[in-house]
Amino acid sequence: MNRARTPANGKIGRASAPYLLILPSILFAFWIIGYPIYDMANMSVHAVNRFGKTAAFNDFANYQRLFSHQLFIGCLIRTLVWTVFVVGGTVLLSVPIALILNEKFFGRTLARIIIMLPWAVSLTMTGIVWRWSLNGQFGMVNATLREFGLQDTPIEWLATSTTAFPILIAIGILVSIPFTVTVILGGLSSLQADVFEAARIDGATAWQRFRYLTLPLIRPFLNIVLVLNFIYVFNSFPLIWVMTQGDPANSTDILVTWLYKLAFRYGELGIASALSIVMFVILLALTITYAALAMRNERSTA
Amino acid sequence: MEHPVRKSLLMWLLLSPLVILILFPFAVMVSTAVKPRVEVLMYPPSWFPSEIRLQNFVDMWHATRLGPAVMNSLVVSIAATALCLLVAIPAAYAAARMEFTGRKLFRQFLLVTQMLSPIVLVLGIFRLMAKMGFVDQLPALVLAYVAFNLAFSVWMLQAYFQTIPKELEEAATLDGASTMQRMRLIFLPLAAPAIGITAVFIFIYCWNEFVLAMTLLRSPEKSTLTLQTFSLVGGRYQVEWDHVMAATLVASVPVAAIFALLQRSLVSGLTVGAVK
């Protein structure tokens, strides 16, 4: 029989079975994720009052008000700065850390556990603890700096606009390292030792082996980590919300924190829905990039 | 050849700035959580309190109503994990084992939904839940958490399922096992580790989630653990930092311990999922 030779034979081979199996997950996604997107897209092109009642189509006035809002450009630029610095810093630091953790040394398992630790703790808790640590008067950051003679007068880290954002970026990097190191480590462990041995025998220096062997070989993993981190960090909300709520004077507001204020504090539902859709489109573009990279990766490893 | 002890010292030395930065908040949590209250707001602050006051944890537990919040978090996280697996396992099985038209499309659909984060959709989700009368109800959180974990779960599980040899199931079919028997006796036992690891990831996501909880819940007695802890800090003039640090310790240590214990399998699981 011909049917017996198809890959999925037997009862489950019936044509409708796979669709029945994936149907619940699709329905769920359309219900909880698809409908809100449709609802916001709809709201974003209509006049809408602060209780969310939509009226007439208003000629993209919500988008015009969004783009001409005095805070929009600032938040957009800060989002870019935030994303580029956190992702760039994370990847630049994670590659050497992964290289170290890939070596054999005493206590490597412990080192790996410690470096993965921030991953398990919620960003909300991390934010709360750092906010307390950075307190100008009673925080342990100032106390520790003073003890080592690195500071004369205490700094109000999070209440000063010149220090608040760089501090947030540094903590953003710190919490993004575990995931990034994990994926890069996965890439490093897939490398074959004999290639490196051969290069060493041929007289390649450590730097040359890294530059011309390791780096190209872990390239697919770096691509994945770059795009995924870009998406995570672009969307990162709890750290900033817990530590500064965008203050002082909006100097740490990025698009997501501003979006939350527009929607749930100022009742600007029209602008908020327009902003959501703009961000959705940006994310979609990034996702398509990621999908293309992932598919290429799948082909090259298959 | 390098000397192993010298090399180990060098490695730890290189890692030390990061290790210090990672352990710093934990040290702050412990130090503040056991301080007598007068010493918390003493200038200059010190790492070492005059006495280790474990009573702080008991006081905090009553004063901050953390108990009900822990219960809410447990209920929501367990319910969401179970429901998510229930929906994800069949889908992952189909994606991993069956040939059907649209399979590639389904995988792309998963990738796209995986990228969406709650914050971008939170306004729409709030409106949806309001329409269904679910605002300030824990089931609203369960539904939302399932939706945002589905793609990841299906993706992880199908990557694993592909590594389970098909031949065992085929042999069972030849021996006359029904679909149900084949699932229950052969496939699910083999897939159990993968399902367990996926469950841990979903659980940690739900346990740590903040934006949706803050938006969908209103009354304090419905608060989850992250939300309740945040409410001790957000919008208050007088923050009782000894209680807050005790609460963050209680909230993060169990998850961190699970993570540390399972670190190896979690990491290898994730790399299977990320690369496939």
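In this predicted model, helix α1 of chain A meets helix α6 of chain B through A:Ile32, A:Ile33, A:Tyr35, A:Pro36, A:Ile37, A:Asp39 and A:Met40 on one side and B:Leu121, B:Leu123, B:Gly124, B:Ile125, B:Arg127 and B:Leu128 on the other. By class, this contact has 10 nonpolar, one polar and two charged residues. The axes of α1(A) and α6(B), the latter spanning residues 118-131, come within 8 Å and cross at roughly 100°. Angles of 65 to 115 degrees count as roughly perpendicular, so α1(A) is roughly perpendicular to α6(B).

The interface between the chains involves 77 residues of chain A and 80 residues of chain B. Helix α1 (residues 17-44) gives the most to the chain A side, with 15 residues.

Nine residues of domain 1 touch six residues of domain 2. On the domain 1 side, α1(B) supplies the largest share, four residues.

The table gives the classes for two of these contact sides.

| Domain 1 of chain B, touching domain 2 of chain B | five residues | two residues | two residues |

Another helix of chain A is α9 (residues 206-217). How far does α9(A) reach from its first C-alpha to its last? The span is 15 Å, close to the 16 Å expected for its 12 residues at 1.5 Å a residue.

Methods:
Residues numbered from 1 in each chain as written. Chains lettered and ligands numbered in written order. Predicted model: local features only at pLDDT ≥ 70, side-chain atom pairs only at ≥ 80, totals over all residues. Contact = placed C-beta atoms within 7 Å. Helix = DSSP H or I, 4+ residues; strand = E, 2+ residues; numbered from the N terminus. Expected span 1.5 Å × (residues − 1). Axes fitted to C-alpha atoms, helices over the stretch in contact; angles between N-to-C directions. Parallel < 35°, antiparallel > 145°, perpendicular 65-115°, else oblique. Nonpolar A, V, L, I, M, F, W, Y, C, P; charged D, E, K, R; others polar.
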